[in-house]
Every structure is written in C-alpha cells, then in structure tokens.
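Good morning, colleagues. Please look at the structure as it comes up.

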Amino acid sequence: MDFDWMKIPYAFLTVFIVVNYGFLMGALIQKIGARAGRRHGIPIWQYYLDVIKNYGLRSSITHGVMFYLGPVFRLSGGVGLLLFMPVIYGSYMFSNFSFAGDLILALYFVFFGTLGMALGAGESGHPHAAIGVTRGLQQVSMAELPFAMAVFSVALQYQTLSMTDIVAAQQGGLANWTLFTNPIAVAAAMLAFLGSMMRPPFDVFIAPQEIPIGPPTEYHSSYLALMQTNRAIFPVAKIVIYMNLFFGGAGSWPELFVKVFFLYLFSAFVGVCFPRFRVEQSVRFFLVWGVPLGILSIMVV
Amino acid sequence: MAYLAMATGFLLILIGFYGALTNRNLLRMIVAFTIADTGVNIVIVAIGYMRGRTAPILDSTVSAAAAVQRIIDPVPQALVLTAIVIGLGVTALMLAYAYKLYEKKRTLDIARFTELKG
Amino acid sequence: MMTKPELMKRMVKGPDGLEFEVDPLRDYYCEAPPTVMPGAYIQIVEDFFNWARSQSLWILGFGTGCGAIEMRPLMTPRFDAYRFGVAWRPTPRQANLFIISGYLSTKTLKRAIRAYEQMQNPKYVIGLGSCTINGGMYWDSYNTIKKLDEYLPVDLYIAGCMPRPEALLAGFEEMKKIIRAGKAEGANQYAENFAWYKANQKRVIHDWDMPDYNW
Amino acid sequence: MNALYLIAIGLGTAFLLGLLNEQRRDLAYTLTLGALTMMSAISASWLVVFVATGAGAVDIFTAGTRPPFAINLRMGLTEATLTLLINLTGLFAAIHMGEVLLAKGRRAMAVLLIAIMALCGIVLTRDIFNLFVFFELIVIATGGLVLLSDDEHAVSAGFKYLIVSQFISILLLIGIIFGYHATGTLNIDGMAAIGAGGFALAFFLIFIAIVAELKPFPANGWALDIYESAHPGFSAVFSAATGSAALFALDKILAIGGPAWYPVATAIGIVTFVGANLLALPQTNDRRLLGYSSIAQTGLILTVIGQQDILGNQYLFIAGGLLFAHAVAKAGLFWLSDFVAQRELTAWASLKERPLLVFAFVTFAAMLSGLPPFPGFYAKWELVHALAAADRLALLGWILFGALVEAGYLFRWFGYLIKRESDEKVACTAPQVIPVAAAVLAGWALGFVWGDLSGRSNLLLVLPLLFALGFLLIEWAPAWAKNLLAIGGLSFYLLQTWQDYDPLRLIFLVIFTLGGAIIFLASFHAHGRRIGFYPSAMLMFAGLVLLIQATDSFGFFAAWELLTVGSYFLILRGKESEPHALSYIVFSLGGAFLILTAFALANAVSPAPTFEIAALATLAQPVAPWVFLLLALGFMTKTAAIGLHIWLPGAHAEAETDVSPMVSGILLKAGLYGLFVLLMSMGRQSLYGVDLVNMLLWIGALTALLGNLMAIFQEDAKRLLAYSSIGQMGYALFGLALMNHLGWLMALMFVINHYVYKSMLFLSVGGVAKRTGTRAMYRMGGLITLMPLSFIATLIGIIAMSGVPPLSGFGGRWIFYNAIMDAETRLPMVLIFLSGPIAFLYLFRLIHTIFLGQLKDEHRRIKEAPASIVLPQMIYVAILMGVALFPGLILRRVDAYISQFLPDGALNWDGLTITSQYGWWNPVAIMIVVACIFLLIFGWLLFVNRKAQKVKQFNIVFSAERPYRPETTHFAWNFFAPYKKAMGFLVQPFVTRFWGAVTDLLHTAGDLGRRLYNGNGQIYAFHFLAFVVVVFAFKAGL
C-alpha cells in the first residue's frame, strides 16, 4: 500500500468524471421524475448552468467561521468518500486513496460531511436550519442501522472488510452478486439506501414546502454552488459503496455509469410514488421493516 | 414440705410480675416489684435449706468441727443479704423517680409518660 | 415612534454581574449600506456569466398579488417553465428574480423590500400587470403602491390585468434577453441611489423599525 | 499496681467526696478527675506490661483464699484494654460534663465514680454474684446519671429503665441461685468446668438477663429513650463503656454455657443488628439515631461472640476491632452532639464552619461503617473471610446488608451536615472539645494498631495514602500551592514506578496519575484555600494507584474502598450533589461488599493466608462462577452498567467544574480495570448453563444503547455528558466481553479515548457553565464568537467521540468492526450498531445549543473560560491529534501484551498502516488526504467568495419578517422531539423506579418497626418478657 505522486492526477480525473456524470445523471433523473408528472422537465445541462450562475453571483454574506466552513466540510466529505474507495475494480488508476482505509473508513466518512454541514447550518442562527438538521440526523441515524447490519453480514459472508476483495468475490457472472448470494442483506441495505438518499418519502428535512429547505436555508451563491457540486458527487460515491458491496462492482466506467444510474433510478422511482414521511414515521418504518431484515441477514449468513 | 418456702417464693414472684404488668399506677408497680423482690429473696434462702439441719450459727450448740454435718448451706443466706440491700436501693430510687414524675405531670399513670417513642 | 418593547434599548445584567446596555438595532442587525458590485473584469467573462444567469432564472416564491396564481400553471405539464431553466426557490438568499405579481399594499411593500434586500447581487425584478405600473384599478386607494419603480428597480413589466402563463413565459424570454444584454443591473442601480429609494420607501412606510439595508 | 486498686480508688474517692462540704465543688471535681486518671493509668500500666512481656492473665484473690470460697478478679490483656477504654471514657465524660457536674455538686461526681468503678468491676470479676452486684450498681448509677440531662423527658426514660432492670435483676438472681445450687460454686471458671448441662434453665435465665443488658432488638425501647434524653456525655459512657463491659460479661458467661449457646447468641445478635439498622433509617432525632446505631453495633459484636467457635484465634482481633471502633466512634459522636443546638439531623449543618469538627465527624462515620484505614475495616475483612470459610453465607449476607444500611444512614447524615443550611452557631468550650479530639486521635491510633495486628499490609504505612493524608496537615496553605504539590506528587509517583508494570497496567497508571495531573491543572481556577478538596482528591488518586499496584485480594479491596471514599467526598462538594453523592456511596459500597464476598468465597475454596489475584484463575469449579458473578456485579456498579447506573448522572453532573472530569474520565476506569483483571484471570465462566461472559456482552450492548439514548433527551449539558459516559462504558464493557484479542484492544482504545475527550468535554462545558451561570443548554447559545477556545475543544471532542475518520474515535470503531468479525454471538452487535449513530445525535445537540444558534442578551459580554480551564483542554486537543496520527505508540506494546492471553487476531503495526486479518487502516494517510482535500476546497471557496459581508444574528431569512427575540429564535428545547415520540418507550425510568421502590420498602419497614416503641414503660417490660419466652422457645427448638 505505498503512495506515489501519480495518484493525485488520477484522483482529479476520477473527481472530474464523477462530477460531470453526477450533473448529467441528476438532471436526467429529475427529467424522468418530471416526465412521470407528464412535464417536459429540465434540460440535461441545467445543473451546469445553475452551478456556474451560483459561482458567478457577485455578493454573499457570512454568519461566521463555522458557517463559512460548512460547505467546505460538505464537499470535502463527498470528495473524500469518493477518493477513499476503489471506484473501478482492478484498475490502479481509479483505486485512488483506498490504501488509506477499508470499508469501515468509507462507512464512517459519510458522517464527516453531515457533521460539517450540521455545524455550518447551526452557526447560521436560523431555527429552520437547526430543525432541519435535527430531523435529518434522526432519520439518517435510524436509516444507518439496517445498512450497518447488512454491511456486517456481507463482511461475515466474505470474511473480509476490504472492498476490493468483496468485489473480487462477486466477479464472474450475475449469479455471484451479493444480490443473489445474500438477498436479505441487500433488501435491508436497499431500504437504508432509500433513507439516506434525501428523496421522498424520507426528505422531510430538505423539502421546500416543509421548513424552507432545512439546513441549507441560509446558504446561497458560492456556498450553494459547493453544495450543488457535492450534490453531484456524494450520491454517486454512496451508490458506489452499494454497487461494490451488493451489485458486483464496476470493471469499467460505462459499467459503473449504468449501475449507478439504475440504483439512483430505484430511489427516484420510490420517491415519485410515495408521499413524505414525518420523522417519527420514518424512524418507526426503519425499526419495523429495516431492523428485522438486518437481524435476519446477520443470523442467516 | 421442704419445698413450701420455695413455692411461696415463686408464687410471690409471679404475683409481683402480674402486679407490675397490669397496674398502670406507678406506686402500685413499685409495690409489686418489692413483692417480687421479697419472693426472690425467699427463693434464695429456700435453696440453702437441707432437711434436718440447723441454722449456720457457730455457738455452743454447734461446734466448728461438727458444723459441716449439722448446719444448712450458709452461702445463699450471705447472698440474700446483699440482694435485700440492693432491692432496697433500687426501690428507693424508683420511689424518688415516681415522686419527680408526679411532680412533673401531676399524675401517676405510666401511660401518660410516652413522649419518647418511635 | 419606536414603540415595540423588543426593539427598545435596555440595560442587561450578565451572569457575572456586569451591567451593560443592549441596543437591538445595533446589536442584532448589520447596518452596512449596500455597495455597487462591479461585474467580472473581462467583458467576455461577464457575458458568459450573464448568459449562465439568464439560463438559470431562480424565482423567489413570494406571491404578492393576484398574479401569483398565474405562476402556478408554469409548474404544471401544460406550461412547464422548468424547460427554460426557470425554478422556484423558497428563500430570497438563493433567488435571483423577484416577481411582484400584482398590487402591493404598503404592508406587503415593507416585507417585499426586506425580501429584495436579502437577495444576492445581481437580482432582477419583474412587475406583473398594470397595478405595478401605475396603481392599476387601485389607482386611488390609500394603502397601495402606485408606481413600483419608485421603491424597487424594476427590469421588466408584463402587461395584462394578470398576464396569462404564456405571457409570463414570453416575459421570461424577454428578461433573458435583457440579462444577456447586460442591462439588468437593477441591484447596482439600487445601491447607487439607495438614499433616494429609501426616502421614497420611508415616505410610505411609517414604522420602518429596521436598519436601512436589511442583509 | 494491683488491679484491685481500680475498684478501691473509685470507691474510696466517691466516699471521700461525701466528706467534703458542699461549697468546695471544684476541689471535688479535681479529685474526681484525679481518681479517674489514676484508674486509667493503672489499666494502662497493666496493658503495657501485657503487650511488652506477653505474659498470661493474672488472678487477684480477695479475702486471702482461693475461689470458690472468695471472689477473684482476673486481669488479662483483654481486661486491661477494656478497663482502659472504660476509664478513659469515664475520664473524658467527666471532662466533657464539667459544668453540669459542678452545677449538680459532688454527689453527681460520686455517682459517676461509682459507675466507672462498677464497670471495671464487671470486666475484672470472675464471680457471678459479684457480677450481679456490679450490674445492679450500674443500674442505680445510670438511674442517677440520667438525671444530669436538661431534657425533662429524661425522668420518664430513667423510670422505664428501672422497671426493666428490676425484671432483669429478678431473672438474674434466680438464675444465679439455681446455678449455685447445681454447681455448688459461684465462680464462673468453676461453673464453666462443670458445664451448663445440669442447670440449663438456670443458665438460660442468667444468659437472657445479661443479653437484656445488651439491649437486644425487640426489647430495647427503654435504652433508646435513655439515649435520646440523657446528657450526651453520659450517653457516651452508657453506649461505649456499659456496652463493652456487658459484652465482655456475656463472653465470660458463654464460657459456662459452652458452644450449644452460640447459635442463640448469633441469632439474637444478627436480629438486633439488622433490626436496629432498619429502624434507624427513618430516624430524624440525632441522638435516637445514635442510640439505634450503638444497639446495632452491639448486636454485631454479639453475633461475632456467637461465632467465636469458627473464628478461632482471630476472634479477639475481630471482636476487639469492632468493639473499639464502635466505642470510640459512638462516644465521639455523642460528645459532638452536645455542640449542636437542635436535635434534627439537618441541624448538624451548623458544624460546617468548623473544619476540625467536620473531620472528627468523618473519622467517626468512617470508623462505624468499617472503611479503611480504621480497625472496623480489618475486622470486617477477617470476619467475612471466616464466615465464608465456615460456609455461613446467609449470616454473611445479613451482616453485609446491615452494614450497607448503616453506611447509608450515616452518609446521609454526613450529607446533611455538609450540604444543609443552619443559622445556629456552634457553642463549644475547650473542655467539650478535648474529648472529641482525644476520640479522633484514639480512632487513628487504633487504625494504626489494628493495621499492625492484622498481619496484612498496614494501610497507614502505605506511601500514597500517607501522601493523601499529608494534605490534611497543610489545609491552611493556599489552593495553588496544594495544587502544585498534588501535580508534583502524581507525576513523581509515575516517574518512580512506571518501569515495573506490564503495558496494560501502565496505560491505566498513566491515565490515573498523568491524567489526574492534567485535570489538576484546571484546579488552578479556584481561589482561596479550598478546604477538603485536596485530601479527598488525593485519597481517590491514592486508592486508584494502589488498585493498580495491588496483587493480593486485601490490597485490591482496600484500594477499592479508599478510592470509593475519596471520590464520594469529591462528588459531595458539588452544590446540589447531596442526594446523588449518597446514591453513589451506597451503590459503590454495595458493589464493594459484593467484591468482598467474592474474595471471601475464593479464599475459602483455596485457603491461603494472602489470596493472590492471579489465583482466581485456578479456582475450583463449584465456586468459580459465583465468584465471577459477584466480582463482575461489583465492578459494574463502578462502570454504571444499566441497572446500576442511576447514581452516575447526578454524581457527575452536580460535581464541581474540575471534579466532573476527574470522576468521569478517571474513576470509571477503575471499574474497567477490575473487569480487565477479572476476565484476564478467570476467562469464560458459566453458571447453571448460562455463559456469564455472554451475559456481560448483552449488558454491555444494552448499556451502550440505553446510555446513549437517554443522553439524547437531556436538557442539562453535564447530565448529557454523564449519560454518554454510561454509553461509552457500555461500549468498553462490550469490547471486553467479546473475549477476543481485538475486543480487548478496542476496550483499551476506549479507555484512552474516553478519558481524553470526556475530560475535555466536561472541562469545556464546565468553563461555559461557570461563565454563563447555568448548565441548562436551552439558556445558552451563540457562544462561538465569545468562547472560541472552548468551541474548538468541544468540536474536536465531538468529532473524536462520534468516530468520524480523521480523529482517534475512528480507530476505536475500526478495531470494533474487526473484533466482531470473529465473535461467536452476533445479536448484541445490533444494539451497538444503533448506539453508534445515536452518539452522533446528542453530540450535535451539545455543540449546537451551547455554541451555535442565537446569542442571548445577558451573554453578550461573556469572557472566554478561565485560562486554567482552557489550558488542559488544549493539551487534550494535542493528545487527541497525537493519538489520532500515531495510535501505534501506545497500542503496539499493549497489543503484544494481550496476545499472551488471546493470541489469535493480533494486528501488525509495521509501517504507518495497521493491518488486521480483515482490513487495514492508515491514520496518517487519512489525515493527510482529508487535510489536502479540505484545504484545496477551502482555497477554492476563498477565491470564489472573497467579499462576503459579515452579518449579525438577526440577519436571517425569517419569511420576510423580523425575528422577535434571541430566546424565541434559538432552537434548543426538546431538541429531538420526534425521536422521543418514536423511541421514547426505551427510556422510561424503570430502573430508577425499581431502586426507589427498594429504598421506600426499607423506609416503610423501618417506620412500621418504629411503631413497636409506643413509649409506655410497661409495654417495654412486656416486650422484654415476651422476648425471654421467644428466646427460650427458640433455644428449646434448636
């Protein structure tokens, strides 16, 4: 696990690819959502324009140091998560900094961005931001449980915590995917996936109608731009974890794009069909459905 | 016949106990206690009695040499003297107490002196 | 004139017994005036930014008059403003376009000004219907604003006693042309003659219990 | 000097006083004092002779002939010590009651002399009738001395006493005369030779009469009234001197009865001990409480007398230890009660402004509850071991239960003394203080003597304890000087002894000493002298250090009790910490008693003079699981596992600013150290098929979950941190119970991490609470600009605690995941998985409600926390960064050490990456990558967003309206309301209600029992007779 300087440009390349893919796929998914409502939907390149416009805005205000650093934590959380994982199985170019830590690092690095964002939103002094953060934390904390149990059962199944080994074990055809060898764990994980993807039915904390868009209430212009770039990277990075663990990882970028798209689509489909949960309803949902599945998956493997 | 004294002693003790436990009047209790004391003293003296022997007084009739066969056991009688004196002492103290209790509450009913409880 | 208790100066005793005076207007609010924000140095970069700004118009969800109902169809499949990069944002911080959709009573004006001042430079204002131009049918009412331009720098008016959604879409296209032309500098105009605007506003709003510029 | 002079001087001076005329009172008083000092000198000389030469007992014959024809007195070692105790108590009582005696005149002095002479007589005489005579003298003397008191109820109390003593004397006389009739001798030794077979009923009467003198439980209404109403000077004599004399008399009598009567004595003793203690619980009158307590102690000694058959040569040591501890402490407490005006327990708060008197009270309370380094502690140790060896576990259980109840009400009383307010002034003259001072000196001297006699390590010679007690002597010095000394002492001790420890113990030692020193840095913020802080703190640290050093069970237990007592006094210093400190001491002492029983059981199975801790490994099977269970329960009271946790939130939250980190960061580790030692030596145990280690696993997991869950809903910042400590200890316990290499490594990582960030968070919250004057989080807010350093410390603390990668918390989580990979049972992991993210919730609540959000008006001019509190926080930040980057420095050696016990699954540490069987972790790489990404993005934002306008707290988008006031726009109250709706059912206070019900049960039992004494003397007499009948039936049934 040595470190050579060549990895840095590779990392920039990975981030560049994922950012562009994130914008395009995000817009596409939003367009598909619009088409479900029989609307024409936003143009595919719309996210680019929004980001450029937000970067280009001339004025901005700041509530304090922590408020200023909030989006920085958020984006470095997303980028870090992406770079700490072997995105493309078997390629030295795109295994980035995964020598620094294994699956556990990825699991816990998710909180890095959330923590920074929460602190920044708190510093803004806006009660809506604080309420939004608490709602988000409560939902995510309960959503993490089935996912943690699914990860544990997968780790037990393959007797390793390294992502590359897990992906290696799933190579060779569809039948070797964890989806088929350990379906209960995948079921629990996918439930947790819905909970953490900030889409209805679990998006009460950022929904525009609820408490005006929760944590990012006081963020604007270049802060918002940073968050939008993170909105592109973070879901892709999170889905890469699911893909590596449960759906056989990606041997090449096209394979990654297709798999990530379909996983992202899964949460979009559920989002379009279901109304929004209140926080205690979603906590009970995970307790009633997620946890038993998780326990079953641990006992079965 | 020899046990008559012992029996009366025990009877007196029981009377004393009964009197002390049932009478609420302080003086009556003290009198009951003195009865019990005398009962005990009688029992102590009765213990030393041996049939057909005389009082343990060494005088002309009983010589020192023949005393062992002739006299009854002298030790209980010695003890009873102290017991009587002590009984007297305690009864005197109880009477003094009864007087002070009466002086305080103008009553001799023991049921009235129940401030210290719990 | 300042009657509200929460805004009055007051003496406060800290936990360590230190007595000091708290003046809400000075302590709670930033009192800096607005400043003129020049565009990017190189014209090409400014043109590019203007092009990007025109393509992603974020409207502030602040319906002031009867025109607000016209904007709702834009979100429906029939008119679908999203196709043109137009979106609605709940907070003025993240909005660029402020649509005054109809008559403005003085009470609403006070809130509209606060919302406008919380938007980021560059920001644009569109007035719908005749009420924003000259008071419309409320021309002789005691509590409506007759001429919106005196209070906020308006970039575009869309005529019609409430223009239909198609008119709004056309209006948006028109607005985009103005932005791309670089002439939508209402924010800087507001900053330059801030005193004039503020004087007009204070002539109508009598309890202006906030600092002049509301960040 | 012939022992007879004891009686001769007493009697002679009494009659001499009679000759003096009325006015010469001070001469009479000096004569009395002179006589008493002479008698004490005689017994002291005899004691010296016996101790020096070790000669046998000496018989003194009267009337020139040998028994059975004359009375003989015997002066042995025990008689010498007892007569010395009696004479000294008499002397000091006379000094104490100086004015009363002078006021009442020479007759009272004469009666006092007679009383003391009679008590010496009881101890010396070997003749049974002579014993009766002396007992009657005591009755009359007590009748007289009771009237010395200024309480008008004393008269009725005296009369009740006389009624019952009449009955006693009648029974005694009959018993003696029939005993004489059967054996033909009045000499006790003679009777003992013949044995009580012949005259069983008569011996029963003698026996029950003398037992009645010891005030047995149901039949002691009269004694309580005397204690309550008599003059405290006399009550001291009545409880200490008369009690001991009567106990020795019973011991002599029992020689006649022989072993058949021991069970009866034990039964009466244990009933008295437990009954009196239970009835003492609801008492509010201080002297009546002392009366109950002295009856209970006499009952305990009676039980010991009843057990002398199994105690063998330890008998005198144990009985003596308990007797002297009781006598000195009771006399001292009675004399102290003379300084307090009202009789309620809370009125004793007036003693607060006299530190010496408070120290006296503490000494007496510690002696009574058998805490180290006093004789009661050694005696209790030997007694419990003997009982366990003889397999009399029920009796052992009852004794410990009674001792726990007694410790409970004594420390409750001490809590009133320290914490309650009283405007009374302490009126004490010099002669009244001398006896108390003498009692204190006697107490410590006895502690030293019993330490030597015990054959084990004499606690008063142990260096750390001496260092702690040394602080008592320099209480007058300013706080900063003592602080420097404390820091110096701790670090010096570390430098001296760190070589001879294995890596595991070394970590605990470093946390206890160096960790303590760093927290002491925070104590520089206190001004003035801070009386009582440094001795208790150093006592705790001495206990902790000795705990690590201890290799045998006695050292371990003594250290455990020392640190418990030290930490109790520390916690008690908080403003409203009285009820919490009480629940802490009762739980800890309960845990300590469990540990004591466990060691006793272990020692019983593998008999060895000193039981090595390591010998736990080779315990025989039937006992090993029980020992394991008891030890685990004992240690878990200290790590506040669920069910035993209710003391922790109050104790940690109400403690002072720099005491909270000490208690929470360091003290909890003592329990963990105990569990480490336990699991290291005993490994897996199963009881009735239940695998105990598995049970520990479940308890750990449950504690982790519920601890964290309860922490979420707290409104008080320190309580939140306290509950989170419970959760973290649950984590560590879980790691330990995994019983695999990485599990223990995780527990150790937690020990280090928890100490660092919990102390840091407690210090920063303490600093904020000191500045804002409140601990309620919803009353704070927006302090980030005013207290930046505290904010940074809290931020680093919560990042580390929540396990987010760059910092050391992640290391703990990573090892945890590797540990559970190869654990057998998998279900408890579920609870741990949930408690991870939950920790994240309350951490955000802590930092948001205090530092972020809206700044309140009254906090606008707040200064940063005092420098001395901020400095340790910055040190901790540095340590956290160090541990985060290079965990190998500490864990590498410990990893190797643990592999001696659990070889498989060790990590390898070469290079910067730490690889385990399943995954790898490179802390340096993570830190660098995260830092680079962060700085890059931060640079990018700075470039894009250069001219941000700094705005103030109300410039927020409040739907185009103006926020009303800071208090109404700061979101902090009921922070996680939806979570409470969804998960509220898990945090119902079942455990608190359970323990509340237990204590209420005890109190109502006490209240019901108290109704037995309705104050009517006749009923008391009836109780006595009923008691006689019951005991007879019991003896007949036996």
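In α2(B), the residues L26(B), M29(B), I30(B), F33(B), A36(B), D37(B), V40(B), V43(B), I44(B) and I47(B) are in contact, meaning heavy atoms within 4.5 Å, with F159(D), I163(D), Q166(D), F167(D), I170(D), L173(D), I174(D), I177(D), F178(D) and H181(D) in α7(D). By class, this contact of α2(B) with α7(D) has 17 nonpolar residues, two polar and one charged; Ala, Val, Leu, Ile, Met, Phe, Trp, Tyr, Cys and Pro count as nonpolar, Asp, Glu, Lys and Arg as charged, and the others, Gly among them, as polar.

This is a predicted model, in which local features need pLDDT of at least 70 and side-chain atom pairs pLDDT 80 or more, while totals for chains, interfaces and linings use all residues. Residues are numbered from 1 along each chain as written, chains are lettered from A in the order written, and side-chain values use heavy atoms, without hydrogens and water.

The helices, DSSP runs of H or I with at least four residues, numbered from the N terminus, are α2 (residues 26-47) of chain B and α7 (residues 154-183) of chain D, whose axes come within 10 Å and cross at roughly 10 degrees. The axes are lines fitted to C-alpha atoms over the stretch in contact, with angles from 0 to 180 degrees between N-to-C directions. α2(B) and α7(D) are therefore roughly parallel, the term for angles under 35 degrees.

I turn to chains C and A. Their contact takes 31 residues from chain C and 30 residues from chain A. The rule finds four salt bridges across this interface, each a side-chain nitrogen of Lys or Arg within 4 Å of a carboxyl oxygen of Asp or Glu. One of them joins E185(C) and R58(A), at 3.0 Å, N to O.

Notes. Helix = DSSP H or I, 4+ residues; strand = E, 2+ residues; numbered from the N terminus. Parallel < 35°, antiparallel > 145°, perpendicular 65-115°, else oblique.
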